[in-house]
Amino acid sequence: MTHPTSSDSSDALARLKAQTEKPAAPEKPAESAEKSAPTEKPAEKPAAPEKPARVTMADRLNGWLDSLGSPDAEQIEKRIADTPGRIRRHQLRRRAEKQLRDRREQERQAEEQAKAKRRAELAAAIEETNRLLAERRAAEEAERAETERRAAAERAEAQRLAEAERRAAQEERETEALHIAARELDGTDHVPAPDRRPPLQQPGEELSDAQLLDRARALLPEWRRRDRIVEKARAIETAASAAAEGDGSDVDDRHDHDYLHDAPYVPPYVLPSRQRDPEPELSDTFRQVTVTITWVLAVAAGLVSTGWLGDATSLREIHDGAYRGGSSLLSMAGWWMAILPVLWGLLGAYVLYQWAPSQRSAVRQRAVGWYVANAMITWAAWFLLVHAQPWGLEILAAGATTVLSVRAIQVLNLHTARHRTERTLTDVVIGVFTGWSIVFCLFSVSVVLTRWGANLLWIPGEIWAVLGLLLTTWATSLLTMTERGRMAIALGYSWGLVAIIGARLFGQLFSTWVIIVAGICAFVVILTTENRRYRIARAERHQVPFDHDADDETDDDAHDGFGTDELNLTR
């Protein structure tokens with residue numbers, strides 16, 4: 001690139017100055033101006049004002065250009081001469097600025113990388129700290145759980161050892177009491193081993209040595225008989241196993257018959273407890289008073305409801321005679337109420353008997369008394385609900401009475417009567433009431449459904465009646481075949497079926513199927529109950545009681561069919 005020289009610049013400036021400078025116009029002398037002016041004439045009228053000169057765009061531009069002044073040639077020359085240096089300085093400045101920006105960008109990136117690295121290190125440190133804390137907490141939890149497990153195991157082991165020591169001490173006490181009783185009985189120390197006899201003292205009892213000895217004296221003879229029966233059964237099993245291992249050629253039918261005859265009989269019910277009753281408590285008196293009050297309420301409610309006492313509407317007239325006998329297919333004949341005085345009398349006998357001194361703290365009275373009291377309360381509620389409301393809520397009371405009485409029978413199955421009086425005044429009474437309450441509940445449900453006009457699944461009512469009879473007969477048969485066969489339940493149930501048959505024969509709603517099925521059901525219940533009684537009595541008669549001389553039964557137990565023979569058999 002060729003730079004202009006200073007002479008060329010000077011020539012250019014001279015030419016520019018010559019073009020821009022204009023020659024100034026010569027000023028006219030004042031005199032000539034005056035001469036050239038025309039002679040003033042007297043003006044007859046005033047002269048018109050002069051118009052101002054028009055300023056054009058060219059005049060304005062020229063004026064603006066004149067105001068700029070002339071350029072400084074020397075300064076221009078210097079600037080032109082300094083142009084290469086200025087260009088180099090500008091390039092150097094831009095290069096320095098670029099380097100400065102690059103350096104700052106590098107520093108910024110380095111600072112961001114350092115910050116990111118610090119953040120990553122900090123996050124890693126926090127994560128590591130959290131991991132260490134979690135591991136520490138897990139180790140502490142595991143250590144705490146292990147400590148608790150060890151403590152629980154130690155407590156369980158301590159309890160087991162304490163229980164074993166207590167049981168060993170109790171067995172030692174019972175064995176000593178049995179030894180004393182054995183010496184008093186026959187002068188020997190023969191008593192059943194601890195693993196072959198039940199404990200004398202039940203859990204929760206705290207018997208003294210004297211009480212433990214009394215119980216040992218009462219139970220030792222029976223336990224000895226059972227122990228001998230068990231030993232004989234084991235010997236028979238051993239002999240049978242030996243005979244089975246041989247060829248059996250010398251075994252004839254008579255030998256098989258003798259073997260079956262000598263096999264021990266296991267009764268299908270709980271044997272009567274020979275333990276003495278616990279000491280009477282205040283709760284026993286409260287139970288006796290409650291049972292008595294509920295019986296009075298049941299009798300009073302029944303007398304008022306039937307119209308035999310007071311001015312209340314009789315059951316025969318209530319709800320348009322729904323309970324008279326002709327309102328439903330399972331209605332009982334109007335003379336079903338004849339059983340009410342019988343039930344009141346039987347329950348009254350039970351109430352009086354539970355006041356006997358021997359029954360005050362009896363285990364079976366404690367177990368069954370509250371069920372009987374509640375059943376009589378719900379029975380009284382049935383009589384009251386029939387008169388108090390028209391919606392049929394009495395079926396709830398009838399169902400509750402049935403459930404409570406059935407539960408009372410189940411409790412009696414766990415505590416078999418010890419003699420005939422106890423069986424007659426407790427089991428027979430509750431059994432008759434239970435059997436009648438089952439069919440009475442069926443009667444109440446049928447009457448209420450008929451009053452409601454219920455049409456269940458569009459099945460004819462006669463089919464529902466037959467199904468109800470079959471269902472209740474099946475449940476009653478299962479209940480009557482408990483213990484030795486509870487004929488009292490079968491009789492109470494059959495009374496209700498006979499009333500249903502009478503209503504169908506001589507009432508408005510005649511039904512051949514209901515009559516036939518009800519008659520068959522009554523026959524089946526009585527037949528199955530008697531069959532169980534016969535089978536148990538026959539099995540017990542075929543077993544020869546052991547050690548008759550050791551039996552010490554009361555007069556009530558003699559010739560009872562479930563006294564001496566029953567107590568001499570193993571469970």
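Start by selecting Leu213: with a relative accessible area of 15%, this residue is buried (buried means under 20% relative accessible area, exposed over 50%, partly exposed in between, with a 1.4 Å probe and protein chains only). Before you click on, note that this is a predicted model, where local features need pLDDT of at least 70 and side-chain atom pairs count only at pLDDT 80 or more, while totals for chains, interfaces and linings use all residues. Residues are numbered from 1 along each chain as its sequence is written, and side-chain values use heavy atoms, with hydrogens and water left out.

**Stop 1: around Leu213**

Leu213 sits in helix α6, residues 209–245. Helices here are DSSP runs of H or I with at least four residues, strands are runs of E with at least two, and both are numbered from the N terminus. Now show what Leu213 touches: leaving aside neighbours within four places in sequence, Leu213 is in contact with Ala177, Ile180 and Ala181 (contact means heavy atoms within 4.5 Å). Draw a C-alpha to C-alpha distance from Leu213 to Ala181 and you get 7.0 Å, for two residues 32 apart in sequence.

**Stop 2: zoom out**

Colour the chain by secondary structure and you have 16 helices and zero strands. Of the 571 residues in the chain, 33% are buried. Among contacts with a separation of 6 or more, 80% are between residues 24 or more positions apart.

**Stop 3: the nonpolar cores**

Next, select Trp336, Trp379, Trp382, Trp436 and Leu469, the residues with the most contacts inside the largest nonpolar core, which has 69 residues. Such a core is a set of buried Ala, Val, Leu, Ile, Met, Phe, Trp, Tyr and Cys residues joined through side-chain atoms within 4.5 Å. To see where its residues come from, highlight α8 (282–305), α9 (339–353), α10 (363–388), α11 (394–414), α12 (420–452), α13 (461–480), α14 (487–506) and α15 (512–541), the elements that give two or more residues each. Helix α12 supplies the largest share, 13 residues.

Stay with Leu469 for a moment. Not counting residues up to four places away in sequence, Leu469 touches Leu330, Leu442, Tyr493, Leu497, Ile500, Val514, Val517, Ala518 and Cys521. Apart from this core lies another one, of 13 residues; Ala182, Val191, Leu200 and Leu219 are among them.

**Stop 4: the rings**

Show the aromatic side chains. How many aromatic pairs does the structure hold? There are nine. Rings of Phe, Tyr and Trp (its six-membered ring) pair if their centres lie within 6.5 Å; planes under 30 degrees apart count as stacked, over 60 as edge-to-face and the rest as tilted.

Pick Trp379 and Trp436: their ring centres are 6.1 Å apart and their planes are at 65°, so the pair is edge-to-face.

Trp382 lies in helix α10 and Phe440 in helix α12, so the pair ties together parts 58 residues apart in sequence. Trp382 and Phe440 are both buried.

**Stop 5: the cavity**

Select Tyr371, Val372, Ala375, Ser405, Ala408, Ile430 and Phe433, which line the largest cavity. On a 1 Å grid over the protein atoms alone, a cavity is a set of points where a 1.4 Å probe fits but cannot get out, and lining residues have an atom within 4 Å of a point. The count comes to one cavity of 30 Å³ or more, and the largest holds about 40 Å³ of space. Grid points are joined across faces, edges and corners, and a volume is the space filled by probe spheres set on the points.

Helices α10, α11 and α12 each supply at least two lining residues, with the largest share, three residues, from α10. By class, the lining has six nonpolar, one polar and no charged residues. Ala, Val, Leu, Ile, Met, Phe, Trp, Tyr, Cys and Pro count as nonpolar, Asp, Glu, Lys and Arg as charged, and the others, Gly among them, as polar.

**Stop 6**

Go to the loop between α13 and α14 and select Glu483. Glu483 is not a glycine, yet has a positive phi of about 50°. Is Glu483 buried or exposed? At 3% relative accessibility, Glu483 counts as buried.

Finish on Trp474, in helix α13. Trp474 is exposed, with a relative accessible area of 53%. From Trp474 to Cys521 the C-alpha to C-alpha distance is 8.7 Å, and the two are 47 residues apart in sequence.

Definitions and conventions: On a 1 Å grid over the protein atoms alone, a cavity is a set of points where a 1.4 Å probe fits but cannot get out, and a pocket is an open set with protein on both sides within 12 Å along at least five of seven lines; lining residues have an atom within 4 Å of a point.
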